[in-house]
Amino acid sequence: MRKEKIIEVRGLSFRYSDDSDWALENVNLDVYAGEWLAIIGHNGSGKSTLAKCLNGLYIPQEGSVKVAGRDTSDGEALWEIRRLVGMVFQNPDNQFVGTTVRDDVAFGMENHGIPRDEMIVRMEEALALVGMSDSADREPHRLSGGQKQRVAIAGIIALQPAIIVLDEATSMLDPKGRSDVLAVMRRLKQEKDITVISITHDLEEVAGADRIIVMERGSVVQAGAPREIFKHPKVLLDLGLDLPFAVNLREHLVQKGIPLPGDVFLQEELVEELWKLKSVT
């Protein structure tokens, strides 16, 4: 059973100027508390514009975005909406303001007037959750890309948002850094019941999501669980998206005459199915 809706998007249309094309057009979307929603699409599909509409950085010209019942077009509600929806962007260097990791995580809490004793507790908990407790006194610019992004996430976690939006937050990372950030996302969902919305064009990242939204030219063109989405790889290929390794290999083997279920999309599932076939033969 799904939990309650935490974000409602209705008829959302947005463009950057009166004479530009619509970056988003008539988007309808529900996000449920505690889920991991992945929004995918190639560059220019509107996914990052949508991300910025979800916490009021952009206000729709048409339609509405409501977060926990609060409309982003209501100026008086924006402060609370932005407290509820934390944003983590592509380049963590653009978010650092402190001289140490500890200072940086504390910065947002200081701006929100959180008492020092509570601030220390939240800081320690957030750094532990992202696996950066041992780096609290290091300078942020000396960290690796993956470590920087984890610190950026810790700064958001410390503000105790209900929702975290990661806007292409792993696109600049190496495989190790990407794996670390994805592990943090899973922990946020499992241990803190935080709603996670990840924006990406890398389909390898979204296997662990509860739902996937596929965007093209500012509109939602497909939605469903990962297993449903990856059942129809041609749709993704036609949109210019690269398939995850396991799905790509599955399709290649099927074309070679190897009978595999059409809903296999995880590498461990593919190995298991191939092992079953080997056992039969």
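Student: What should I know before I start?

Tutor: The model is predicted, so local features need pLDDT of at least 70 and side-chain atom pairs count only at pLDDT 80 or more, while totals for chains, interfaces and linings use all residues. Residues are numbered from 1 along each chain as its sequence is written, and side-chain values use heavy atoms, leaving out hydrogens and water.

Student: How many salt bridges are there?

Tutor: A salt bridge is a side-chain nitrogen of Lys or Arg within 4 Å of a carboxyl oxygen of Asp or Glu. The count comes to 22. One of them joins Asp 137 and Arg 102, at 2.2 Å from N to O. Asp 137 lies in the loop between α4 and α5 and Arg 102 in helix α3, so the pair ties together parts 35 residues apart in sequence. Helices here are DSSP runs (H or I, at least four residues), numbered from the N terminus.

Student: Is Asp 137 buried or exposed?

Tutor: Buried means under 20% relative accessible area, exposed over 50%, partly exposed in between (1.4 Å probe, protein chains only). Asp 137 is exposed at 59%, and Arg 102 is partly exposed at 34%.

Student: Which salt bridge partner does Arg 150 have?

Tutor: Asp 180, with the closest N and O atoms 3.6 Å apart. Arg 150 sits in helix α5 and Asp 180 in helix α6, so this pair ties together parts 30 residues apart in sequence. Arg 150 is buried at 12%, and Asp 180 is buried at 18%.

Terms used. Helices (H or I, at least four residues) and strands (E, at least two) are DSSP runs, numbered from the N terminus.
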